[in-house]
Amino acid sequence: METITYVGENLFIGNLGHFFVVLSFVAALLSAVFYAKSSADKGTDVSLGRLFYGIHTIAVLGIFVTLFVIIQQHYFEYAYAYEHSSKTLALRYMISCFWEGQEGSFLLWMVWNALLGVILIFTAKRWERGVLAIMALAQVVLTAMLLGINILDIYTLGSSPFELLRDKMQAPIFSSPNYLENIVDGTGLNPLLQNYWMVIHPPTLFLGFALTIVPFAFAVTSLFQKEYRAWIKPALPWALAGGMILGAGIIMGGFWAYESLSFGGYWAWDPVENASLVPWLLLISGIHLMLIKKVTNSSTIASYTLVISTFIMVLYASFLTRSGVLGDTSVHAFTDLGLAGQLMQFVVLFIWLPIIAVTEGARKRWYIIIPVSILVLLLPFYTKLSFYPLLILSIVGLAWFVFNLNKNITNKASEDDITGREFWMFIGSLMLVLSAVQVLVGTSKPVFNKIFGTNLVPPEDVIGYYNMYQMPIAIVIAILMAVSQFFRYRSTPDKSKLSKEILITAAIAVVLTMGGIFLFGITNPMHVILMLAGIFAMVGNLAYILLSVRKFKLSGSSIAHIGFGMMLLGVLVSSAKKQVITADFSGQMGNFDEKARRENMLLIKDEPTRLGDFQVTYQGDSASGEDIYFKVNYKSIDGLEEFTLLPNTQINEDMGGILPNPDTRHYLTYDVYTHITSLPKPNDDSISWQNVKEFTIEKGDSIITANGVVYFTGVEQGDGKSIGLKNTTLAKANLKIKRGKTMLEANPIFGINANTYFSIREEVAEAGLRFGFEVRPSENGSPTAVLEIAETTPQPKFIVMKAIVFPYINFLWLGTVMMVVGFGIATWNRLELRKNAV
């Protein structure tokens, strides 16, 4: 077969990137081995482990920079750049392209892990050997995801972000050595992701994911070393930081959904959303149990189980979202790149690591077990079905873990005294676990179907299904938040004072709830109980801060609890009392179904329509890149208020038509949330064009038609790159159409190259006119501009819009911010305590 020598490809940058991938893989593997060896033999120097981890970190940063250069410089010979970027993207979206694909998001995770490992080298002290061995092991597995190495033509290990487009895609275009000349642009970033939240949300979320491995590493290292309490102190600040960052990432996802993705809300219980929520719930539960362990030396097994389970659930979440197992159940999930087996082995490997740590004999040889585990990881021994039994076997192994851990721990303090704070914290932690389990079971139905051959389907009302279980759990958790801090660890001596504090704060909460019933209009008994629980959590923790804490640096947990209570109140009121305020008041939506007529309104351009206390007028649209912004003016009936909203959308037939983004008017007590739901169909083939005429025109000419006056203001010349054609000259006619008081514009195009010429017509449905433009030679040889005009019945320009009022949603946003701030204060305080203890 003849070898083609391709022209214009930059192969060096891709080869450099792949070199960095291989280097980072080998260096991480050697670092894991040497760190594990030094952990097993305290006399062994850690210098080699540190050296190879440093090389690994430099290589990871090299991968990052190399891939970004490929994207930013538009090297479309590489599949990753072609599939995720385009020349028209702004720089901030160019950054977002980096982690839109699976390979880029794995790399983002690796970068955070590598940097956290460097910090731990300087701060972990005597825990460094074991902790860094586990960090390096995780990096080995993550780097393997990017190798893209074909093994014996039967198995490909990983998916390389430096794969050439011609190697990934089979197409006739690649038979030409100059194929790059015909690739004008990449496919671009998914329109739904062209948002500033895409720039900050994934990095924050992945930093939260990365932070969960640190307490996991401390916990597993302590199991190997049989130090069942000492690990809590160095691990707790990392756990708190993980809770704060991961929580912030989840909250950002809610903001994004509310402001941009047109879900009609901030949380839809989507499987990918749930996949990040489960480890956060387990981490919060684990943090409370770690506090119990630190103070009372109880809840040992529970602390280990929750901290370890948190990281395992992060890995499981990665499997769910990247293996393709979720199918069509989530709008966020990645398609399968053939990494499902590797992802499952990632989960299994780190399930077995703590099992090894509590098994006598195995724990003394874990420096051998690590490279053997990596070797097993590289073997293509699994099929698409075999790793599910592997998962079941690993879950069974967890029972072995609990059994051996219970056997190894001899000092078992009790948390059975109901007057001790640890008892109620333990109950609260169990409720968080119960919440996580319910979400996990609901989200894992596609996995159950794969394993057991069942046909479990998601409920029709997903939100109602999850709320049915989560609401009672949230009530219990909020009540426990309100009362538990009034207790003292081990035992509360002054029972009368305790009763008084709880009863007074409960009475205040009841009074405030009664006021809330009238203010918010809440009548459902379960909703009233939830409101009472949320208010009780706020009042109880505020009272605790004022009466007991009195020091800001010690108030982190109470502030977070107040934020949780406020968040519950915001979720309740904004969800239970949200109101769709649009409807087909004018009766002009006869072609729409009944539900659409109940929830949407049609706005004809420049025709005011009554909407509640406002006159709403659609005033036109404007384009910015691929986004079309619709100007909707609101003017109150009394004339005291006037504002304009600019909901926008993109047109993408491959993704179902319009891709709307809402615009929101924010008030102190409510939000008015609007988005476009339907638009006129462009270039409707059913339109009958009549009275087609051609006019020879010059700049400044005007033509009178039945539908308006057309003014020819000139011609703009350009190249064909704007429409994806090279070596082509374009001539664009600038036309203005005056129709009554309205001035419209049109820009038909004429193109010519060495092979052909063509016209691109433009329809202006609002004026009932269609324009074609050509440049023809005249008898004397000079070019002549010819304008073709066709007429039809004018179609009024309109939009179909939906508007929702979310009352008191600011409680939700303020509550989430307070939770994050509370975590931040608690993390800072733990770091200060650790620093002072050194």
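Colleague: What makes E766 and K605 a salt bridge?
Modeller: The term requires a side-chain nitrogen of Lys or Arg within 4 Å of a carboxyl oxygen of Asp or Glu. For E766 and K605 the closest N and O atoms are 3.8 Å apart, so the pair meets the rule. The model is predicted, so local features need pLDDT of at least 70 and side-chain atom pairs count only at pLDDT 80 or more, while totals for chains, interfaces and linings use all residues. Residues are numbered from 1 along each chain as its sequence is written, and side-chain values use heavy atoms, with hydrogens and water left out.

Colleague: Where do E766 and K605 lie in the chain?
Modeller: E766 is in the loop between β20 (762-764) and β21 (769-777), and K605 is in the loop between β4 (601-604) and β5 (609-611), so 161 residues separate them. Strands here are DSSP runs (E, at least two residues), as are helices (H or I, at least four residues), both numbered from the N terminus. Both E766 and K605 are buried, a class for relative accessible area under 20%, with exposed over 50% and partly exposed in between (1.4 Å probe, protein chains only).

Colleague: Why is E83 called partly exposed?
Modeller: Its relative accessibility is 28%, which places E83 in the intermediate class. K168, at 36%, is also partly exposed. E83 and K168 form a salt bridge, with their closest N and O atoms 3.2 Å apart. Because E83 belongs to helix α3 (residues 79-84) and K168 to helix α7 (residues 165-168), the pair ties together parts 85 residues apart in sequence. By this rule the structure has 14 salt bridges.

Colleague: Why is the pair of F34 and F52 called stacked?
Modeller: Rings of Phe, Tyr and Trp (its six-membered ring) pair if their centres lie within 6.5 Å; planes under 30 degrees apart count as stacked, over 60 as edge-to-face and the rest as tilted. The ring centres of F34 and F52 are 5.8 Å apart and the planes are at 5 degrees, so the pair is stacked. F34 lies in helix α1 and F52 in helix α2 (residues 47-72), so parts 18 residues apart in sequence are tied together. F52, at 19% relative accessibility, counts as buried, whereas F34, at 30%, counts as partly exposed.

Colleague: What makes the pair of F614 and Y634 stacked or edge-to-face?
Modeller: The centres are 6.0 Å apart and the planes are at 80 degrees, so this pair is edge-to-face. F614 in strand β6 (residues 614-624) and Y634 in strand β7 (residues 627-636) are 20 residues apart. Both F614 and Y634 are buried. The structure holds 43 aromatic pairs, and one aromatic cluster is formed by W109, F206, F209, F216, F311, F346 and F350.

Colleague: Which residues have the most contacts inside the largest nonpolar core?
Modeller: They are W109, F216, F218, W231 and F350, in a core of 206 residues. Helix α10 (residues 232-259) supplies the largest share of this core, 16 residues. A nonpolar core is a set of buried Ala, Val, Leu, Ile, Met, Phe, Trp, Tyr and Cys residues joined through side-chain atoms within 4.5 Å. A second, separate core of 19 residues includes I697, F712, I737 and F771. In soluble globular proteins, nonpolar side chains tend to be buried together.

Colleague: What does W231 touch?
Modeller: Not counting residues up to four places away in sequence, its partners include W127, P215, F218 and M290; a contact means heavy atoms within 4.5 Å.

Colleague: Why is N753 called partly exposed?
Modeller: Its relative accessibility of 23% puts N753 in that class. N753 is found in the loop between β18 (749-752) and β19 (757-760). Leaving aside its neighbours within four places in sequence, N753 is in contact with N727 and T728.
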